[in-house]
Amino acid sequence: MTRIQVADQTFIAAPAESATELISDRANWRRWWPDLQLTVVEDRAEQGVRWKVSGPLNGTTELWLEPVLDGFVLHYFLHAEPTSQLPTEPRALMTEVGKINHRRRVAGRAMSFEVKDRLEASRHVGGPAAGEGGVAASGGAR
């Protein structure tokens, strides 16, 4: 089992296909995870992307877009090992691994909320899913 395990999900009230361009944009990857090198392992279009991760972490990450009701659930997974030297003392090791996991969870949550905010920009609270007819798919002004 890898030391860094992140799994998160966010419901987005927009069609899954409206996220394809956003999550395929390499400039977004560099902004969301600036210290990681990502290599596409599988581009699943409207179902998401899987990457190999290298840099301060070695492992895999994935964004899976699961259609649900009038939107989709954005699932974020990261399974990796730190490449830096970790403490050998058990308490210090657990503290350091906890800090790394927390940092990666926060980065994943920021990414998912950005995707949600951009894709739901034209949606009224309680209204139908955004992007029907392409309204929010362009990322809309906020």
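Predicted model: local features only at pLDDT ≥ 70, side-chain atom pairs only at ≥ 80, totals over all residues.

Colleague: How many helices and strands does the protein have, and in what order do the elements run?

Modeller: Helices (H or I, at least four residues) and strands (E, at least two) are DSSP runs, numbered from the N terminus. The protein has three helices and five strands, and their order from the N terminus is β-α-α-β-β-β-β-α. Along the principal axes, its C-alpha atoms fill a box of roughly 55 × 30 × 25 Å.

Colleague: What share of the residues in the protein is buried?

Modeller: Buried means under 20% relative accessible area, exposed over 50%, and partly exposed in between (1.4 Å probe, protein chains only). Of the 142 residues in the protein, 39% are buried. The areas come from the Shrake-Rupley method with a 1.4 Å probe, and for residues only the protein chains shown count as cover. The protein exposes about 7900 Å², of which carbon and sulfur atoms supply 55%.

Colleague: What share of the contacts in the protein joins residues 24 or more positions apart?

Modeller: A contact means heavy atoms within 4.5 Å. Among contacts with a separation of 6 or more, 54% are between residues 24 or more positions apart.

Colleague: How is an aromatic pair described?

Modeller: A pair of aromatic rings is described by the distance of the centres and the angle of the planes. Rings of Phe, Tyr and Trp (its six-membered ring) pair if their centres lie within 6.5 Å; planes under 30 degrees apart count as stacked, over 60 as edge-to-face and the rest as tilted. A search of the whole structure finds four such pairs. In one of them, Trp29 and Trp51 are edge-to-face, at 5.1 Å centre to centre and with 80 degrees between the planes. This pair links distant parts of the chain, since Trp29 belongs to helix 2 (residues 26-32) and Trp51 to strand 3 (residues 48-54), 22 residues apart. Both Trp29 and Trp51 are buried. Trp32 and Trp33 also form an edge-to-face pair, with 5.5 Å between centres and 75 degrees between planes; Trp32 and Trp33 are both buried.

Colleague: Which residues do ring pairs link into a cluster?

Modeller: The cluster consists of Trp29, Trp32, Trp33, Trp51 and Tyr76.

Colleague: Is Thr10 buried or exposed, and which side chain joins that of Thr10 in a polar contact?

Modeller: A polar contact is a pair of N or O atoms within 3.5 Å; within protein, one must be able to donate a hydrogen and the other to accept it, and residues adjacent in sequence count only if both atoms are side-chain atoms. Thr10, in strand 1 (residues 4-12), is buried because its relative accessible area is 6%. Its side chain is joined to that of Arg109 by a polar contact of 2.7 Å. Beyond its neighbours within four places in sequence, Thr10 is in contact with residues including Phe72, Leu74, Ser112 and Lys116.

Colleague: Where is Ser112 found, and what lies 3.0 Å from a polar atom of its side chain?

Modeller: Ser112 is in helix 3 (residues 90-119) and is buried, with a relative accessible area of 2%. The backbone oxygen of Arg109 lies 3.0 Å from a polar atom of the Ser112 side chain. Not counting residues up to four places away in sequence, Ser112 touches Asp8, Thr10, Ile12 and Leu74.

How values were computed
Residues numbered from 1 in each chain as written. Heavy atoms only, no water.
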